[in-house]
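Keep the structure open while reading.

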Amino acid sequence: MRSALLRLRRTTGLQVAFGGLLTGERDVRIGELSGAATQALQGLRISAGIGLGGKAVALSRPCAVTEYLSSRHISHEYDAAVTAEGLRSVLAVPVIVRRRVRGVLYGALRTPQPLGDRVATAVLDSAREVEQALVVRDEVRRLLEVSREPGVGPGAWEEVREAHADLRALAPRVMDPQLRDELLAVCGKLASSWQSGGPPEREHRVALTPRETDVLACVASGATNATAGERLGLRPETVKGYLRTAMRKLGAHTRLEAVVAARRAGLLP
């Protein structure tokens, strides 16, 4: 969320951007501030239906006011914090994942002027960015739980392997560097997880580049060079080149041999 708020202010000229995620069933805690002059908003708990953000949570849609303190369309339980920060025009956008509100993003000015369509679109885009990050984190946690279960069956491992390939393909497109690093670290954990009752073989360590690993992960899920290229944003010829060098490093003569060797080396789940 921190990265999304910073980009939002840079691209729109909004003076303040802030937001938070749900801490309970219907309460949001403001945890990230960008451009704030005080700490009045930090840690503020927003309840569904209360204030502008609470209204956005309750209705599951964006809500805006041009003059916060005098608006008749919201309740005013949070006026003290808003006044301390000097906010006037405010837009609140809910962060929704799988039809469930998971947080709220705000954009604000210290002058009472309408926030136009360009700003509204930018805040919506930032909310979608946070939603994507939450989806990735949810999937990562689920896969880690699956991989740690004792006696994981072949079907579950195939699901983990397919998701591992999807996550590696997604990583280069994730804008938040912290989330991207976290995602790749989890991919590494999935790749080194125990299989068939024992750990991956480590006798022959092989160093593959990130792109070589990405291509092998796609190949392991059954993708052709053309399909792998579409998923990774590469040309089929480039995919073929990465696959060729990975096979050479692994001492493999076929795609299947390369996948098996990579799994034995703990490079793929």
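## Core and sheet

In this predicted model, the largest nonpolar core has 24 residues. Those with the most contacts inside this core are Phe18, Leu52, Tyr68, Leu87, Val90 and Tyr106. At least two core residues come from each of E1, E2, helix H2 (51–59), E4, helix H3 (79–85), E5 and E6. E6 gives the largest share, 4 residues.

Leaving aside residues up to four places away in sequence, tyrosine 106 touches Leu8, Val16, Ala17, Phe18, Gly19, Ile30, Ile46, Gly53, Val90, Leu91 and Ala92. A second, separate core has 22 residues, including Ala217, Leu232, Val239 and Met247.

Next comes the sheet. It is open and built from 6 strands, ordered E3-E2-E1-E6-E5-E4, with antiparallel pairing. Strand E3 (45–47) and strand E4 (63–65) are the edge strands, and each pairs on one side only. On average, neighbouring strands of this sheet are turned by 25° against each other, direction ignored.

Strand E5 (residues 89–97) is mostly covered, with 8 of its 9 residues buried. On one side, E5 pairs with strand E6 (residues 100–109) in the antiparallel sense over 9 bridges. E4 and E5 also run antiparallel, joined by 3 bridges. The table lists residue pairs from these pairings.

| Residue | Partner | Strands paired and bridges |
|---|---|---|
| Alanine 64 | Leucine 91 | E4 and E5, 3 bridges |

The hairpin of E5 and E6 has 2 residues between the strands. In this hairpin, arginine 98 takes a positive phi near 50°.

## Helix against the sheet

Helix H1 (residues 2–12) lies across strand E1 (16–22), strand E2 (27–34) and E6. H1 runs at about 155° to E1. Which residues of H1 are buried? They are Ser3, Ala4, Leu5, Arg7, Leu8 and Thr12. Leu8 is also among the contacts of tyrosine 106. Just after H1, glycine 13 has a positive phi of about 85°.

The loop between E2 and E3 holds glutamine 39. Is this residue, glutamine 39, buried or exposed? Exposed counts as over 50% relative accessible area, and glutamine 39 has 57% relative accessibility, so glutamine 39 counts as exposed. Its C-alpha atom is separated by 8.8 Å from that of alanine 84, although glutamine 39 and alanine 84 are 45 residues apart along the chain.

## Helices H7 to H9

Helix H7 (residues 210–220) and helix H9 (residues 236–250) have axes that come within 9 Å and cross at roughly 95°. H7 and H9 are therefore roughly perpendicular to each other. From H7, the contact involves Arg211, Glu212, Val215, Leu216 and Val219. From H9, these residues meet Val239, Tyr242, Leu243, Thr245, Ala246, Lys249 and Leu250. Val239 is also one of the residues in the second core.

Helix H8 (residues 225–232) has Asn225, Ala228, Gly229 and Leu232 buried. Why do these four lie on the same side of H8? They cover an arc of only 100° around the axis, which puts them on the same side of H8. An α-helix has 3.6 residues a turn, so residues three or four places apart point the same way. Leu232 also belongs to the second core. Just after H8, glycine 233 takes a positive phi of about 75°.

How values were computed: Residues numbered from 1 in each chain as written. Predicted model: local features only at pLDDT ≥ 70, side-chain atom pairs only at ≥ 80, totals over all residues. Heavy atoms only, no water. Buried < 20%, exposed > 50% of the residue type's maximum accessible area, 1.4 Å probe, protein only. Arc of directions from axis to C-beta. Pairing = 2+ DSSP bridges. Axes fitted to C-alpha atoms, helices over the stretch in contact; angles between N-to-C directions. Contact = heavy atoms within 4.5 Å. Core = buried A, V, L, I, M, F, W, Y, C linked by side-chain atoms within 4.5 Å. Parallel < 35°, antiparallel > 145°, perpendicular 65-115°, else oblique.
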